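Hi,

Here is the model I said I would pass on. Have a look at it first, and my notes follow below.

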Amino acid sequence: MCNQTVCLVAAELERQGISTVVIQLLRNVAGKVRPPRALFVPFKHGYPLDTPGDAGRQMAVLEAALRLLEDPAPTPPVLRDYTP
Amino acid sequence: MGDMSEFSFTVRMFLAAYPWRRIDPVPWTPLRKPLSQCRLALVSSAGFVMPDQPHFDESIRGGDPSFREIPSKTDPRTLVETHRSESFDHTGLQRDPNVAFPIERVQELAATSRIGSVNHRHLSCMGSITAVGRLVRDTAPPAARLLVEDGVDAAILVPV
């Protein structure tokens, strides 16, 4: 349910003028709920930013999320895969 | 890989029948300036609270839709993880909350000027919400307004 919850909060933020990107752990949920920008990560539930204690791996996921935010031309909703 | 196979048969059946809330139309706010000039906030649905904040209420049918404000200077190791779901391994985020609430990582992004600044507060919620009406109607709009009032330009939202 977590995946849906952050998607719905992201939609409200976007309605109020804040750009968002959501991390998603379930591709099919992102496809059904349709957040504006989603980065699908291939990690287990409980590990959305990869490895605990590994700042480099966590930062790599965040960098991919930031690049999605910066992309000027996608058509919403955008679902992009993260490749570690 | 995060997929349905991680869950019990009962949970998989529930999720297969669950009426997911479709966002339609999809709202869209493009970045208005370079990230190096943007103020960023986090929203985590891992159920983290400060030690002096009330835990999310597990007795609320359909899930607790409330939010907690988390100061961005918080040491993430002081956060208390209260996520009610038994469907995932909690040990990783208890060992390093950054894995679901990357408070220290975004400070590092600001230190290197990848982003302009980190907002003075982030938001925490309980992701395990099955009845989303109260979230969509009652609690998400004022939570979003807090970040608007702070001048936040962009947000990263992290589930568990």
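Let me start with a strand pairing: β1(B) and strand β6 (residues 121-125) of chain B run parallel and share two bridges. Within that pair, B:Val43 has B:Leu123 of β6(B) as its bridge partner. For the terms, strands pair if DSSP finds at least two bridges between them, while helices (H or I, at least four residues) and strands (E, at least two) are DSSP runs numbered from the N terminus.

Before going on, some housekeeping. This is a predicted model, in which local features need pLDDT of at least 70 and side-chain atom pairs count only at pLDDT 80 or more, while totals for chains, interfaces and linings use all residues. Residues are numbered from 1 along each chain as its sequence is written, with chains lettered from A and ligands numbered from 1 in the order in which they are written.

On confidence, pLDDT is the predictor's score for each residue, from 0 to 100. Chain A averages 95, with 100% of the residues at 70 or above; chain B averages 93, with 99% of the residues scoring at least 70. In chain A the lowest mean, 92, belongs to helix α2 (residues 27-33), and the highest, 98, to β1(A). For the complex the predictor gives an ipTM of 0.98 and a pTM of 0.95.

Back to β1(B), which covers residues 39-44 and has five of its six residues buried (20 or more other C-beta atoms within 10 Å of a residue's own; 12 or fewer is exposed, in between is partly exposed, and C-beta atoms are placed from the backbone). β1(B) is also joined in parallel to β7(B) by five bridges, and to strand β5 (residues 117-118) of chain B by two. B:Leu40 stands opposite B:Ala154 in β7(B) and opposite B:Val118 in β5(B).

In the loop between β1 and β2 (48-49) of chain B sits B:Ala46. Why does B:Ala46 count as buried? Because 26 other C-beta atoms lie within 10 Å of B:Ala46. Beyond the neighbours within four places in sequence, its contacts include B:Glu81, B:His83, B:Phe101 and B:Val160 (a contact means C-beta atoms, placed from the backbone, within 7 Å). B:Thr82 is 36 residues from B:Ala46 in sequence, with 7.6 Å between their C-alpha atoms.

Now the contact between the chains, to which chain B gives 57 residues and chain A 51. On the chain B side, two or more residues each come from α2 (91-95), α3 (103-111), α4 (133-149) and β7 (154-158). The top contributor there is α4(B), with eight residues. That side has 34 nonpolar, 10 polar and 13 charged residues (Ala, Val, Leu, Ile, Met, Phe, Trp, Tyr, Cys and Pro are nonpolar, Asp, Glu, Lys and Arg charged, and the others, Gly among them, polar).

Strand β1 (residues 19-24) of chain A and β7(B) run parallel, joined by four bridges; A:Val22 has B:Leu157 as its bridge partner.

How do α3(A) and α3(B) cross? The axes of α3(A) (residues 55-70) and α3(B) come within 10 Å, crossing at roughly 70 degrees. That makes the two helices roughly perpendicular (65 to 115 degrees; under 35 is roughly parallel, over 145 roughly antiparallel, the rest oblique). Axes are lines fitted to C-alpha atoms, for helices over the stretch in contact, with angles from 0 to 180 degrees between N-to-C directions. A:Ala55, A:Gln58, A:Met59 and A:Leu62 meet B:Arg105, B:Glu108 and B:Leu109 here.

Cheers

How values were computed. Contact = placed C-beta atoms within 7 Å.
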